Amino acid sequence: MAIKSWILVCVLGCLWFTVAAGSSEDGLIADMTCRVDASQKPVWEGEFFPNISNIKYEGPSSRNPLAYRWYNAEEVILGKKMKDWLRFSVAFWHSFRGDGGDPFGSPTRRWPWEDGTDSLEMAKTRMRANFEFLRKLGVEYWCFHDRDIAPEGATLQESNKNLDELVALAKKLQEGTNIRPLWGTAQLFKHPRYMHGAATSPDVKVFAYAAAQVKKTMEVTHELGGGNYVFWGGREGYQSLLNTDMKKELDHMGSFLKAAAAWKKKIGFEGMLLIEPKPQEPMKHQYDWDAATTISFLQKYGLLGDFKLNIECNHATLAGHSCVHELEVARINGVLGNIDANTGDAQIGWDTDQFLTNVEEATLIMLSVIKNGGLAPGGFNFDAKLRRESVDVEDLFIAHILGMDALARGLVNAAKLYEDGVLTDLVTARYASFDSEIGAQIEAGTADFETLEKYAFQWGEPAITSGKQELAEMILHSYT
Ligand code: XUL
Ligand code: CO
């Protein structure tokens with residue numbers, strides 16, 4: 001039975017592939033892509049995913065690849081529905097603009113509705129596909145860059161006009177649904193004008209252009225009812241210190257973010273402003289290196305009250321940290337706002353943006369989220385892309401289902417771990433000696449060195465005690 005379901009999906013996939021190979025006139029890419037109905041060009045009518053119905057929860061024993069095993073939206077965990085803990089979001093850029101291209105190879109996939117252009121009409125079709133995808137997945141959030149959803153025009157005014165058209169359509173498609181953007185962001189890294197940076201560009205004209213782009217994107221995010229606005233500084237950094245005035249660039253970035261926070265207040269946008277750290281790629285060094293660096297930057301420029309962090313797991317590992325390290329640094333400083341849910345590859349040193357599938361990692365992530373009391377108005381944005389070799393529309397569903405199930409399963413595990421308190425007890429026991437008079441003085445910052453010296457003389461050599469790391473690992477294993 002189980003094997004039959006998997007085979008059915010393969011057969012469907014191959015069937016689509018055959019239709020594609022037989023009917024395409026688009027050359028290489030289209031021939032390699034499963035087209036559902038290639039005759040519907042240029043304006044796509046009807047369903048985008050006609051062979052896929054709404055994805056349902058079937059439970060852990062299901063072998064249906066187009067069903068949830070763990071994600072049961074309405075199930076209550078620790079007093080909150082799963083969907084409210086997880087607040088999943090689809091990243092428009094990966095799912096609807098990703099084409100499988102890499103620095104060594106041409107695109108490998110073109111979705112059936114794509115006509116190969118960057119026209120306004122095509123952008124509208126894509127937006128309709130996005131909403132059908134969200135509805136069929138049962139996901140209520142989506143994330144976008146201004147330039148993924150609407151084409152860049154010849155002037156900034158024209159780009160704004162294009163964006164307005166797409167926002168009007170998205171607003172219409174949102175009507176009568178609970179679907180809203182989890183966050184919006186301005187694409188300040190693709191166009192050559194940003195090659196030296198946006199807020200950190202040495203050219204004041206670029207700084208102003210970037211400010212205008214953020215202003216507009218924040219306005220449209222607000223108009224669409226978005227919960228957050230993200231700043232990812234892909235070009236905010238340097239390639240060489242020889243030609244860079246780092247202090248000036250950081251000061252400029254501080255001013256830019258201060259103006260952004262002021263604009264948010266002015267337009268009455270109540271969403272969170274989030275900074276997404278990443279150490280490098282595309283730049284050799286990016287200023288928002290990791291959570292700790294970003295927090296100290298925000299503190300220095302008096303912006304801590306206005307910004308929280310969007311932690312991306314693959315960015316964490318690029319910075320030499322685990323995802324959970326970054327989540328915990330953000331959480332204990334009160335700035336854990338959102339998670340860009342993805343993962344890297346242990347044997348690869350760059351941003352592979354894969355769907356997160358490791359249940360143990362998902363459990364640790366969800367433990368941080370539980371301790372944070374959830375992420376709202378933030379959530380989990382799948383900043384993850386299909387592999388270059390995955391070219392069928394069903395792969396897009398399977399990838400999201402896999403990622404959602406991993407985090408839902410992590411939530412179930414983490415809730416048990418949290419409720420049973422075994423790990424918490426182990427940690428509490430390690431620090432029990434601070435539950436003393438002098439311990440309380442140390443924690444209040446009032447114990448001076450003379451007092452501590454007296455204790456040291458009186459207590460003598462401290463006992464050697466076990467850190468119980470293997471026991472802690474054993475406990476974690478028994479919950480995953
Ligand atoms: C790049 C990245 C971005 C941001 C939004 O690594 O993560 O997609 O999430 O600009
Ligand atoms: Co990201």
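Residues are numbered from 1 along each chain as its sequence is written, and chains are lettered from A and ligands numbered from 1 in the order in which they are written. In this predicted model local features need pLDDT of at least 70, side-chain atom pairs count only at pLDDT 80 or more, and totals for chains, interfaces and linings use all residues, while side-chain values use heavy atoms, with hydrogens and water left out.

**Exercise 1.** Describe the surroundings of ligand 1.

Step 1. List the residues near the ligand, meaning those with a heavy atom within 4 Å of it. They are Trp93, His145, Trp183, Trp232, Glu276, Lys278, Glu312, His315, Asp340, Asp351 and Asp383.

Step 2. Sort them by class, where Ala, Val, Leu, Ile, Met, Phe, Trp, Tyr, Cys and Pro count as nonpolar, Asp, Glu, Lys and Arg as charged, and the others, Gly among them, as polar. The shell has three nonpolar, two polar and six charged residues.

Step 3. Look for polar contacts (N or O atoms within 3.5 Å). Polar side-chain atoms lie 2.7 Å from a ligand oxygen atom for Glu276, 2.9 Å for His315 and 3.2 Å for Asp351. Taken alone, ligand 1 exposes 290 Å², and the protein buries 93% of that (Shrake-Rupley method, 1.4 Å probe).

**Exercise 2.** Locate the disulfide and state its handedness.

Step 1. Search for cysteine sulfur atoms within 2.5 Å of each other. The count comes to one disulfide, which joins Cys313 to Cys323 with S to S 2.2 Å.

Step 2. Read the angle about the S-S bond: at -45 degrees, the link of Cys313 and Cys323 is left-handed.

Step 3. Cys313 is in helix α11 (residues 313–318) and Cys323 in helix α12, 10 residues apart; helices here are DSSP runs of H or I with at least four residues.

**Exercise 3.** Describe the cavities of the model.

Step 1. Apply the rule: on a 1 Å grid over the protein atoms alone, a cavity is a set of points where a 1.4 Å probe fits but cannot get out, and lining residues have an atom within 4 Å of a point.

Step 2. Take the largest cavity, with a volume of about 170 Å³. Its lining has 19 residues, with Leu188, Phe231, Trp232, Gly233 and Glu236 nearest its centre.

Step 3. Turn to the second largest cavity, of about 40 Å³. Its lining includes Lys278, Glu312 and His315, residues that also surround ligand 1.

Methods: Polar contact = N/O pair within 3.5 Å; in protein donor to acceptor, adjacent residues only side chain to side chain. Helix = DSSP H or I, 4+ residues; strand = E, 2+ residues; numbered from the N terminus. 1 Å grid on protein atoms, 1.4 Å probe; cavity = no way out; pocket = protein on both sides within 12 Å on 5 of 7 lines; lining within 4 Å. Points joined across faces, edges and corners; volume = space filled by probe spheres on them.
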